[in-house]
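Please open the model in a viewer and follow the stops below in order. Each stop names a selection and then describes what is found there.

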Amino acid sequence: GEDGIKSLSTAFYKRVYADDEEPWFRFMFESRGDLDLAIHGQVTFFVQQFGGPGMYGGFQKDEEFMYHVHTLFKVTPRSMDRWMFHMDYALEEAISDEKYVGGRAQQMRSVLRAYFLEFGEKTINTQDDDPEAPHRTYAEDKRKEDERREKRAARKKRKKEKKKEKAAKEEAKEKAA
């Protein structure tokens, strides 16, 4: 259920956000938002994927959406392996043998691990194993988007100023006439 998914996502992202062994991997997530936002995003996706209700006011967060989200990063085999490294630990923590008896825990972990592996392999979009690759693209894209946003704001400001100037000239003409 939703509580189990939240437990899994919390265990996963706490590991990711504390990853000092591979800071490039942690940065991929930190650069997108804080821990609570990451947990919330994953919970809403998994709840919808596993048959629960849409949690974004009717916005369907399906696999196609998630593949698109992952195009914002260079997802390498190395980053996918690091993701699975953390998810394996999170699966062990959230779906422990103590919580689920009769072999159910192992069965649940196996099913979810297979799903995550299949999904993760589909998100790989480059073979570039440069440790900087996973976040470099996002950082560059973010910088470019910020520059575009600034240029749009400057154009809008110039357009508004020209409009004011034109109105002032027309008003001066009317007063002169």
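Axes here are lines fitted to C-alpha atoms, for helices over the stretch in contact, and angles run from 0 to 180 degrees between N-to-C directions. The model is predicted, so local features need pLDDT of at least 70 and side-chain atom pairs pLDDT 80 or more, whereas totals for chains, interfaces and linings use all residues. Residues are numbered from 1 along each chain as its sequence is written, and side-chain values use heavy atoms, without hydrogens and water.

**First stop: α1 and α3**

Select α1 (2-17) and helix α3 (residues 35-49); helices are DSSP runs (H or I, at least four residues) numbered from the N terminus. Their axes come within 9 Å and cross at roughly 140°. That angle makes α1 oblique to α3, given that under 35 degrees counts as roughly parallel, over 145 as roughly antiparallel, 65 to 115 as roughly perpendicular and the rest as oblique. Next, show the side of α1 that includes Ile5, Ser9, Phe12 and Tyr13, among the residues that contact α3; contact means heavy atoms within 4.5 Å. On α3, the contacting residues include Leu35, Ile39, Gln42 and Phe46. By class, this contact has 10 nonpolar, three polar and three charged residues (Ala, Val, Leu, Ile, Met, Phe, Trp, Tyr, Cys and Pro count as nonpolar, Asp, Glu, Lys and Arg as charged, and the others, Gly among them, as polar).

**Second stop: α1 and α5**

The contact of α1 with α5 divides into 11 nonpolar, two polar and two charged residues.

Met84, Met87 and Leu91 of α5 are among the contacting residues, as are Leu112, Phe116 and Gly120 of α6. Eight nonpolar, one polar and five charged residues form the contact of α5 with α6.

**Last stop: a pocket lining**

Finally, select Gly1, Gly4, Ile5, Leu8, Phe46, Phe50, Ala94, Ile95, Tyr100, Met108 and Leu112, which line the second largest pocket. A pocket is, on a 1 Å grid over the protein atoms alone, an open set of points where a 1.4 Å probe fits, with protein on both sides within 12 Å along at least five of seven lines; lining residues have an atom within 4 Å of a point. α1 gives the most to this lining, with three residues. The lining has nine nonpolar, two polar and no charged residues.

Technical notes. Helices (H or I, at least four residues) and strands (E, at least two) are DSSP runs, numbered from the N terminus.
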